[in-house]
Amino acid sequence: MDTGILILRLLVGLLVTGHGVQKVSSHLGGKGLQGGTEEFRADGFRGGALTALAAGGGQIGSGLLLAAGLLTPLAATGTIGVMTVALTVKWRHGLWVQNDGYEYPLVLIGTAAALAATGPGAWSFDAALGLTPYPLWWAPLALAAGVGSGLLTRLVLHRPAAPAVAER
């Protein structure tokens, strides 16, 4: 079981980290901070470079913590939060990723919640530091706090679409 959890943590944590790196740099196929800023503006978000830095930093931090199995409930909360924002952006396209849907963010949210419920396993920094096992109540707390913070971010930073102007 610990080997499976380790593989899951590394896969998801490093993918989330990579998405963050892409938002703020030209590494891993990213378009630099300017590209990250343009992506958020195109998706209707305020804040420019600060929004891209916060999102990228949140993804990098939560992804690395998740991969390391360090402060796992906090790492899961951060991952769930940033992926909830991504899910809200893709919601209008439906579920499936082939149509730019929210399937992938939903999988990452579910995986992070599952890791909060199972814990990081024996091969983790949490275990090495004696922080495990975490009580099961951390899982619903991480899910609620992550989804809540993601929705609050969307509410605060997203601009409503401009109404269409009728031609005369």
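Reader: Which backbone atom lies 2.9 Å from a polar atom of the side chain of Ser25?
Author: The backbone oxygen of Val21 is at that distance from the Ser25 side chain. Please note that the model is predicted.
Reader: And which backbone nitrogen does the side chain of Ser25 reach?
Author: That of His27, at 3.2 Å.
Reader: Where does Ser25 lie?
Author: Ser25 is in the loop that runs between helix 1 (2-24) and helix 2 (32-42).
Reader: Is Ser25 buried or exposed?
Author: Ser25 counts as buried because its relative accessibility is 15%, and the cut-off for buried is under 20%.
Reader: Leaving aside neighbours within four places in sequence, what is Ser25 in contact with?
Author: Its contacts are Gly30, Lys31, Gly32 and Leu33. Of these, Gly32 is also one of the buried residues of helix 2.
Reader: Which are the buried residues of helix 2?
Author: They are Gly32, Gly35, Gly36, Thr37 and Phe40. These buried residues pack against helix 1 and against helix 3 (48-68).
Reader: What follows helix 2?
Author: Gly44 does, with a positive phi near 90 degrees.
Reader: Where is Leu74 found, then?
Author: Leu74 belongs to helix 4, residues 72-90. Leu74 is classed as exposed because its relative accessible area is 53%, and exposed requires over 50%.

How values were computed: Residues numbered from 1 in each chain as written. Predicted model: local features only at pLDDT ≥ 70, side-chain atom pairs only at ≥ 80, totals over all residues. Heavy atoms only, no water. Helix = DSSP H or I, 4+ residues; strand = E, 2+ residues; numbered from the N terminus. Buried < 20%, exposed > 50% of the residue type's maximum accessible area, 1.4 Å probe, protein only. Polar contact = N/O pair within 3.5 Å; in protein donor to acceptor, adjacent residues only side chain to side chain. Contact = heavy atoms within 4.5 Å.
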